[in-house]
Structure formats: C-alpha cells, structure tokens
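Hi there,

Here is the structure I promised to pass on to you. Have a look at it first, and then read my notes below.

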Amino acid sequence: MNGVPLAGFIALSMFMFITGVVGVIIRRNPIVIFMCIELMLNAVNLAFLAFARYRFSSPTMVEQGAAGQMMVVFVMAVAAAEVAVGLGIIMAIYRLKENIDVDELNLLKG
Amino acid sequence: MKLTPELIIFGMLAGMAALSAVGVVAFKNAVRSALCLVFTFFILGFLYFALHMEMLGITQIVVYTGAIMVLFLFVIMLLNLGASHVLEEKSDPKKVVGLTFGVALAVLLASQIVPILIKVQAPKAMPQFGSPQVIGSILFTDYVYPFEAVSVLLLLGIVGSVLLAKRRLS
C-alpha cells in the first residue's frame with residue numbers, strides 16, 4: 001500500500017479502539033463486552049503493525065521493526081488465553097446465577 | 001494527496017472494518033455481534049496483507065476468526081444467548097455517558113496524533129519484512145524467552161479454563 005498515508009491506518013485503529021471502549025461502557029452482556037475487548041486488542045495490533053511498517057525499516061533497524069510484529073504475536077497468544085479463561089468464568093457464573101447481566105452481578109459486594 | 005487505486009482499496013477496507021466494528025456494539029443480538037466481529041477480523045487480516053505482513057495476516061485469520069470466534073459462538077450457543085429474552089438490555093444513562101466519553105476520547109486522540117502522522121506518506125520497510133523467515137528467525141533468537149513464557153501462559157489458560165468450566169459433581 002504505497003499511496004496510503006500512515007494516518008489512515010492509525011485513524012482506523014483509533015476508531016476501532018474507541019468503538020471498543022464505548023462498547024465496554026454501554027453494553028451489559030458480558031460476552032459482548034469480551035468481544036469489545038478483542039476489538040480493542042485488534043485495534044492496537046493494527047497500530048503496532050502500521051508503525052512497524054512505516055517507521056523502521058532500513059536493514060540496521062529491522063530489529064526495532066520486528067519488535068512491533070513480535071508484540072502482535074504475543075498479544076494474539078495472550079488474547080487466546082484470556083478468552084479461554086474469561087469464557088470459562090462466564091460459564092461458571094451462568095451456572096451459579098442463571099443470569100449474566102453484569103449490572104446485576106454483586107457476588108463480591110460483601 | 002493523489003487518489004491512487006491503493007488509497008481507494010484501503011478506504012473501502014477501512015470503511016467496512018469500521019462499519020462492522022460499530023455493528024459489534026450496536027446489535028442487540030450477541031450472535032450478530034459475533035458475526036460482525038468475525039468480519040472485522042477478516043478485514044484486518046486483509047489489511048495486514050496490505051502492509052506486507054503476510055505471516056501475521058495468516059495468523060490473524062487462523063487464530064482470531066478460526067479459534068477465538070468459534071469459542072465465542074460456542075459459548076453463546078451453550079448459554080442460549082441468541083434468544084433475546086435471556087438478556088433484555090434496557091436503555092439507561094450509561095449509554096449517553098459512554099457515547100460522550102467516546103467522542104471526547106476520539107477528539108483528544110485525533111487532535112494529538114493526526115497532525116503529526118499526516119506527514120508520513122510512504123512505508124519505509126522492505127517488502128520481505130513480514131515474511132515467515134524473518135519472523136521465525138527473530139522469534140527463536142531475540143525473543144525466545146518471551147516465547148517460552150507465552151507457552152507457559154497458554155498452558156495455564158488451558159488448565160484454568162478446564163477447571164472453571166468443569167461441572168461440580170457434588
């Protein structure tokens with residue numbers, strides 16, 4: 001993508017991140033909240049890759065550029081682990097309460 | 001700025017990704033949100049290809065749309081959340097607060113970031129930058145300790161989710 005400015009990628013990434021933030025605030029279904037968190041993680045991944053592609057690149061700077069790609073690899077792995085555990089927690093709560101509305105969960109309220 | 005074919009294709013992809021990201025938040029039905037999210041991840045995979053990050057584009061499609069979203073859809077199916085009576089979302093003041101916060105965040109970020117980055121036009125990286133050879137050699141030399149730590153984390157995730165999802169027999 002030679003004719004595309006870096007700002008295009010960053011603007012898309014920013015929009016997706018903010019959509020995720022708003023979704024986490026306004027939705028009450030914990031699974032949709034999880035999806036919004038995934039959306040935020042992906043927005044950050046896109047920003048990492050765009051910067052890696054546009055900023056670092058001469059042969060001496062390959063390592064800095066690769067740092068962005070490595071971070072994306074690790075974010076994907078951590079997201080997979082997080083989703084497995086988080087959905088397990090949601091299943092456990094659903095079995096306990098038969099209701100997963102986040103506004104009505106007050107198990108930790110003492 | 002000249003309107004190149006690349007720019008048009010990028011605009012279409014970005015527009016679709018942004019629309020389906022909004023769909024994730026806007027749809028009441030969790031299954032529709034999940035399908036919108038699958039679409040967003042696909043488009044992001046294409047954008048990674050456009051950035052010449054072939055390896056991560058493939059990984060994005062396999063891991064996110066293949067594994068993570070299947071997990072989401074499985075849990076939605078198990079909890080029967082497709083039926084809207086399970087979770088009736090009422091309108092509440094949080095919506096206004098959330099949207100206001102989002103717009104404020106967008107204005108703040110855009111005012112700080114865009115004026116600086118608008119000058120960066122051409123990518124500097126070499127085309128083979130995101131190839132599997134480069135990623136593999138760096139992953140197994142410079143980043144081998146984080147790589148091993150991530151493998152331990154994934155193992156913990158597997159054990160943790162099995163423990164959490166196991167039905168108590170008592």
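Let me start in chain B, where helix 1 and helix 2 cross in a left-handed way (the near helix is turned anticlockwise from the far one by less than a right angle; clockwise would be right-handed). Helices here are DSSP runs of H or I with at least four residues, numbered from the N terminus. Please keep in mind that this is a predicted model, in which local features need pLDDT of at least 70, side-chain atom pairs count only at pLDDT 80 or more, and totals for chains, interfaces and linings use all residues. Residues are numbered from 1 along each chain as its sequence is written, while chains are lettered from A and ligands numbered from 1 in the order in which they are written.

Among the residues making this helix contact are B:F10 and B:L13 of helix 1 of chain B, and B:C36 and B:F39 of helix 2 of chain B (contact: C-beta atoms, placed from the backbone, within 7 Å). By class, the contact has 14 nonpolar, four polar and no charged residues (nonpolar: Ala, Val, Leu, Ile, Met, Phe, Trp, Tyr, Cys and Pro; charged: Asp, Glu, Lys and Arg; polar: the others, Gly among them).

Now for the two chains together: 79 residues of chain B and 64 residues of chain A make up their contact. On the chain B side, helix 4 of chain B gives the largest share, 14 residues. That side has 60 nonpolar, 12 polar and seven charged residues.

Enjoy exploring!

Conventions. Helices (H or I, at least four residues) and strands (E, at least two) are DSSP runs, numbered from the N terminus.
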